[in-house]
Amino acid sequence: MSAYGIPSRLQVLGSDIDRSQLKYHDRRVAVTKEFTFDAAHHLHAYDGKCANLHGHTYKLVITVSGRVNDIGIVVDFGDLKRLFDEVIKRRLDHQYLNEVLPPMNTTAENMIVWIWEELERALEAYGRDRDVRLERLELYETPTSRASLERAWMS
């Protein structure tokens, strides 16, 4: 077969690989997925453009870690998407953030802590058996401006 050849047949579970081989290791691995939502806000006590009502397409980068399950997966990317959709997007997408978030100035620095607290609460139920936990968040307000948060800073 050439370097770019098509395999003559697909590997078959049970004959070419045993189910016990699917979990290759028992190490902690980080998994990252990016999401976007659109929202409007303004800042209080701020001397600049952001004192006026305006909007952003926010990008949220979520990193979780855990130990792989019996087929080698820490978190299914689809489950991570559902978690984001239910916990964050449903509440913030196309909303006026000053109205839907707890009383705070809706800075990226304040919002990312609120997002952390909400995601961490939701993750507790999801991945308890493999110690799945939130490791890092990045909240982009623009393509070049972001706030970040790491597990060690939340203790």
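The model is predicted: local features need pLDDT of at least 70, side-chain atom pairs count only at pLDDT 80 or more, and totals for chains, interfaces and linings use all residues. Residues are numbered from 1 along each chain as its sequence is written, and side-chain values use heavy atoms, with hydrogens and water left out. The protein has three helices and five strands. Helices (H or I, at least four residues) and strands (E, at least two) are DSSP runs, numbered from the N terminus.

**Overall build**

- From the N terminus on, the order of elements is β-β-α-β-α-α-β-β.
- The protein is more spread out than a compact globule, because its radius of gyration is 20 Å, well over the 15 Å that the globule rule gives for 155 residues. The radius is taken over C-alpha atoms, and the rule is 2.2 Å times the number of residues to the power 0.38.
- The C-alpha trace spans about 65 × 35 × 25 Å along its principal axes.
- Of the 155 residues, 35% are buried. Buried means under 20% relative accessible area, exposed over 50%, and partly exposed in between (1.4 Å probe, protein chains only).
- Among contacts with a separation of 6 or more, 67% join residues 24 or more positions apart. Contact means heavy atoms within 4.5 Å.

**Helices α1 and α3**

- Helix α1 covers residues 77–92 and helix α3 residues 108–126; their axes come within 11 Å and cross at roughly 140°. That makes α1 oblique to α3.
- Axes are lines fitted to C-alpha atoms, for helices over the stretch in contact, and angles run from 0 to 180 degrees between N-to-C directions. Angles under 35 degrees count as roughly parallel, over 145 as roughly antiparallel, 65 to 115 as roughly perpendicular, and the rest as oblique.
- From α1, the contact uses Asp79, Leu83, Val87, Ile88, Arg91 and Leu92. From α3, it uses Trp114, Ile115, Glu118, Leu119, Ala122, Leu123 and Tyr126.
- These contact residues divide into 10 nonpolar, no polar and three charged. Ala, Val, Leu, Ile, Met, Phe, Trp, Tyr, Cys and Pro count as nonpolar, Asp, Glu, Lys and Arg as charged, and the others, Gly among them, as polar.

**The loop between β1 and β2**

- Cys50 sits in the loop between β1 (28–41) and β2 (54–67).
- Beyond its neighbours within four places in sequence, Cys50 is in contact with His42 and Leu43.
- Cys50 and Lys23 are 27 residues apart along the chain, and their C-alpha atoms are separated by 49 Å.
- Ala45 is found in the loop between β1 and β2. Ala45 counts as exposed, at 91% relative accessibility.

**Positive phi**

- Most residues other than glycine have a negative phi.
- Ala45 is not a glycine, yet its phi is positive, about 55°.
- His94 also has a positive phi, near 55°. His94 lies in the loop between α1 and β3 (95–96), and at 60% relative accessibility it counts as exposed.

**Strand β5 and the segment after it**

- Leu149 lies in strand β5. Leu149 is buried, with a relative accessible area of 7%.
- Leaving aside neighbours within four places in sequence, Leu149 is in contact with Ile112, Val113, Trp116, Glu135, Arg136, Leu137 and Met154.
- Trp153 lies in the segment after β5 (145–150). Trp153 is exposed, with a relative accessible area of 52%.
- Trp153 and Tyr58 are 95 residues apart along the chain, with 22 Å between their C-alpha atoms.
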